[in-house]
Structure formats: C-alpha cells, structure tokens
Amino acid sequence: MHRRTRRLAGVLGLGALLGGCSTQQVDLYDYIAGKPSTPTATTATTTSTASGSAGLAPSEALPPDMTPSDDDTKSVAELYNKALESLNDQSYRTAAKDFAEVERQHPYSSWATRAILMQAYAQYMRNAYDESIAAAQRFITLHPGHKDTPYAYYLIAMSYYEQIRDIQRDQSITEKALNALDEVARRYPETPYAADAQQTALLARAHLAAKELEVGRYYLRRQAYLAAINRFKTVIINYQTTNQTPEALYRLTESYLALGVRAEAQTAAAVLGQNFPNSDWYKDAYALLQSEGLEPAQNSGSWITQAWNQVNPF
C-alpha cells in the first residue's frame with residue numbers, strides 16, 4: 001500500500017466519509033486496502049442489491065435511511081460504490097471521474113458532499129495536485145462547517161507539500177505548503193491533522209532554510225558578505241529549530257570575521273557552542289576564531305542573542 005495512502009487514510013480515519021451515514025465506522029485505509037467487513041443481516045441484502053463488489057463493504061456506502069427499492073438511491077449508490085471500487089484498485093483517475101459523476105448527477109445529495117472530497121483524495125493519490133487542491137477548496141467553499149472540512153484543509157496542505165522541489169529551484173511552492181500546514185494547525189489544533197501538519201511543517205521549514213543557506217554560501221564565495229549575512233540571518237530568525245541552524249551560525253562567524261566585526265563573530269560562535277557543543281560546525285568556528293586570536297564570547301546586545309531567545313514554536 002502506498003505510503004501516502006496509509007498517511008492520509010489510515011492515520012486520519014475517514015470511515016464516515018467513505019461509509020456515508022453508516023453506523024459502522026470503517027477506516028478509510030480498510031476500504032482502500034480491500035479489507036472486508038462483516039455486514040449484518042439487514043445490510044447484507046443492501047450489499048447484494050447496491051453493488052455486490054467484494055472487499056469494499058458497499059453495504060456501508062448506503063445510509064440506513066435509503067432503501068434499495070428507490071431507483072434513484074440505487075443509482076447513486078451503485079455509482080458511488082463503483083468509484084470506491086476503482087479507488088480500491090488504485091485506479092485513481094477513474095475513481096476521480098466517477099466521484100465527479102456522483103456530484104454531477106446528484107448535486108444536492110449528501111453523496112455529492114462526500115464525493116467532492118473523495119475526488120480531492122483520488123486526485124492526490126494520482127499526483128494530480130492542482131486538481132486535488134481545486135476539489136478540496138470547492139468542498140471548503142460549499143461546506144465550511146462540515147465535520148470533514150479540517151481534512152480538506154489538510155489535503156490542500158499535503159498537495160502543496162508533495163510538490164516541493166530541490167533547493168536549487170524556486171521555493172514558492174514550499175512557502176505555500178508551509179502556510180497551508182500552519183493554517184491546519186492554527187484552525188484545528190485539537191484534530192489529529194494538527195500534529196501531523198506541525199511535523200510536516202518542520203520538514204518544509206528545513207527545506208526553506210537549506211535554500212537560504214545555499215544562496216548565502218553563493219554570496220560568501222563571492223565575498224558579498226552583507227548579502228550572505230542577510231541569508232544566514234533569515235535562517236536564525238525564521239528557521240531556528242531546523243537542522244540548518246548550526247551551519248548558519250558557523251557561516252555568520254565566518255562572514256563577520258571577514259568583515260572585521262569581531263564581536264558578532266564571537267557571539268555567533270558562542271551561541272553555536274552553547275547549543276551545539278558537539279557539532280563539527282562549532283569545532284570549525286572555534287578553530288576559526290583561534291586563528292585570529294579570539295575566543296567565543298556572547299554579546300547580550302547582539303541580534304543573534306536576541307533572536308535566539310525568541311524561538312519559533314514550530
């Protein structure tokens with residue numbers, strides 16, 4: 001099973017979304033993995049009437065207030081279950097089209113509400129991230145107070161995150177991912193999405209920090225020290241909790257020494273030693289200061305000291 005399937009489905013548990021109004025709560029991953037459920041005597045009849053597809057628990061796709069004798073109900077149930085079957089087979093393009101058809105044919109039903117979000121999920125699973133974002137945003141616009149709206153926000157964030165590219169390229173998509181992840185954590189702090197969004201945001205921040213370091217090193221090689229310092233400063237202020245911080249502090253030591261601003265170079269090395277004493281970057285910073293007859297010494301008035309006391313919560 002695809003890693004993202006387990007993450008988006010198994011961890012977050014959208015059984016109600018897939019199972020309609022069923023009283024049996026089935027995990028979304030169970031549907032996708034094709035794990036059968038045990039229908040009751042009542043739902044067994046519904047199962048054979050609605051779809052008869054094994055492994056997808058189609059009985060749970062029928063809300064209890066819809067009876068198989070209703071032709072319209074059977075039609076939408078069969079269409080919805082057909083989409084679920086495609087999802088189970090990992091035919092995500094077909095599943096997205098079928099869920100869209102549920103929405104088109106039955107726009108005012110509860111099935112359509114669920115189908116919009118399932119379109120977003122299917123599009124995500126086939127790496128069609130723009131389409132996934134569009135469907136999830138449409139769900140939020142139409143159903144802002146729905147119980148599954150937090151998931152729609154999370155799906156948007158993950159769709160941006162999956163598009164993050166290497167640090168040599170434009171990082172605007174990384175910034176969008178970070179903003180979307182932070183929005184999930186801010187809007188829905190008590191949901192399981194928030195914790196995962198915060199952890200994923202750490203990775204996005206590390207990616208942005210790496211980009212700042214790359215640009216800073218570029219300026220440093222060209223002896224554009226002020227431009228380099230501004231990049232390393234961004235890492236310390238905005239991405240302090242990432243694993244790029246030790247190098248940023250070393251590069252600040254290096255850059256300030258090159259400019260002759262010794263107090264700031266000593267402060268950067270001191271903060272590096274206090275927080276990352278076993279880091280190779282600290283060993284290099286210490287050796288660099290020693291070569292100039294200096295020791296690490298923290299200046300309380302330095303912007304580095306002040307920034308270090310204002311750690312980003314994420």
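Trainee: Is Asn127 buried, exposed or partly exposed, and what is its relative accessible area?

Mentor: This is a predicted model, and in it Asn127 has a relative accessible area of 46%, so it counts as partly exposed. You will find Asn127 in the loop between helix 7 (110-125) and helix 8 (129-142). Look at its backbone too: phi of Asn127 is near 65 degrees, a positive value in a residue other than glycine.

Trainee: Which loop holds Gln90, and what is its phi?

Mentor: Gln90 lies in the loop between helix 5 and helix 6. Its phi is near 65 degrees, which is positive although the residue is not glycine. With a relative accessibility of 43%, Gln90 counts as partly exposed.

Trainee: Let me step back to the whole chain. How many helices and strands are there in the protein?

Mentor: The protein has 16 helices and zero strands. Of its 314 residues, 52% count as buried. Its accessible surface comes to about 14,500 Å², and carbon and sulfur atoms account for 47% of that. Take contacts between residues at least 6 apart in sequence: 60% of them join residues at least 24 apart.

Trainee: How do I read a pair of aromatic rings?

Mentor: Two values describe such a pair: the distance of the centres and the angle of the planes. In this structure the count comes to ten aromatic pairs. One of them joins Tyr80 and Phe99, 5.4 Å centre to centre with 70 degrees between the planes, and it is edge-to-face. Tyr80 belongs to helix 5 (residues 71-88) and Phe99 to helix 6 (residues 92-105), so the pair links parts of the chain that are 19 residues apart. Tyr80 and Phe99 are both buried.

Trainee: Why is the pair of Phe276 and Trp308 edge-to-face?

Mentor: Their planes stand at 85 degrees, with the ring centres 6.3 Å apart, and edge-to-face needs an angle over 60 degrees. Phe276 lies in the loop between helix 14 (262-275) and helix 15 (280-291), while Trp308 is in helix 16 (residues 303-308), so the pair ties together parts 32 residues apart in sequence. Phe276 is partly exposed at a relative accessible area of 25%, whereas Trp308 is buried at 16%.

Trainee: Which residues do ring pairs link into a cluster, and where does the charged end of Arg114 sit?

Mentor: The cluster is made of Tyr80, Phe99 and Trp111. The charged end of Arg114 sits over the ring of Trp111, 4.8 Å from its centre. There is another example at Trp303: the charged end of Lys233 sits over that ring, 5.1 Å from its centre.

Trainee: How many residues does the largest nonpolar core have?

Mentor: That core has 80 residues, and those with the most contacts inside it include Tyr80, Phe99 and Leu252. Follow Leu252 as an example: leaving aside residues up to four places away in sequence, Leu252 touches Ile229, Phe232, Lys233, Ile236, Ala268, Trp303 and Ile304.

Trainee: Ala268 is in helix 14, I see. Why is helix 14 described as largely enclosed?

Mentor: Ten of the 14 residues of helix 14 are buried, so the rest of the structure largely encloses it. Among the buried ones are Glu264, Gln266, Ala268 and Leu272. Their cover includes helix 13 (245-259), helix 15 and helix 16. You can check the length of helix 14 as well: at 1.5 Å a residue it should span 20 Å, and its end C-alpha atoms are 20 Å apart, which agrees.

Methods: Residues numbered from 1 in each chain as written. Predicted model: local features only at pLDDT ≥ 70, side-chain atom pairs only at ≥ 80, totals over all residues. Heavy atoms only, no water. Core = buried A, V, L, I, M, F, W, Y, C linked by side-chain atoms within 4.5 Å. Buried < 20%, exposed > 50% of the residue type's maximum accessible area, 1.4 Å probe, protein only. Contact = heavy atoms within 4.5 Å. Phe/Tyr/Trp six-rings, centres within 6.5 Å; stacked < 30°, edge-to-face > 60°. Helix = DSSP H or I, 4+ residues; strand = E, 2+ residues; numbered from the N terminus. Lys NZ or Arg CZ within 6 Å of the ring centre and 35° of its normal. Areas by Shrake-Rupley, 256 points an atom, 1.4 Å probe, with all protein chains shown as cover. Expected span 1.5 Å × (residues − 1).
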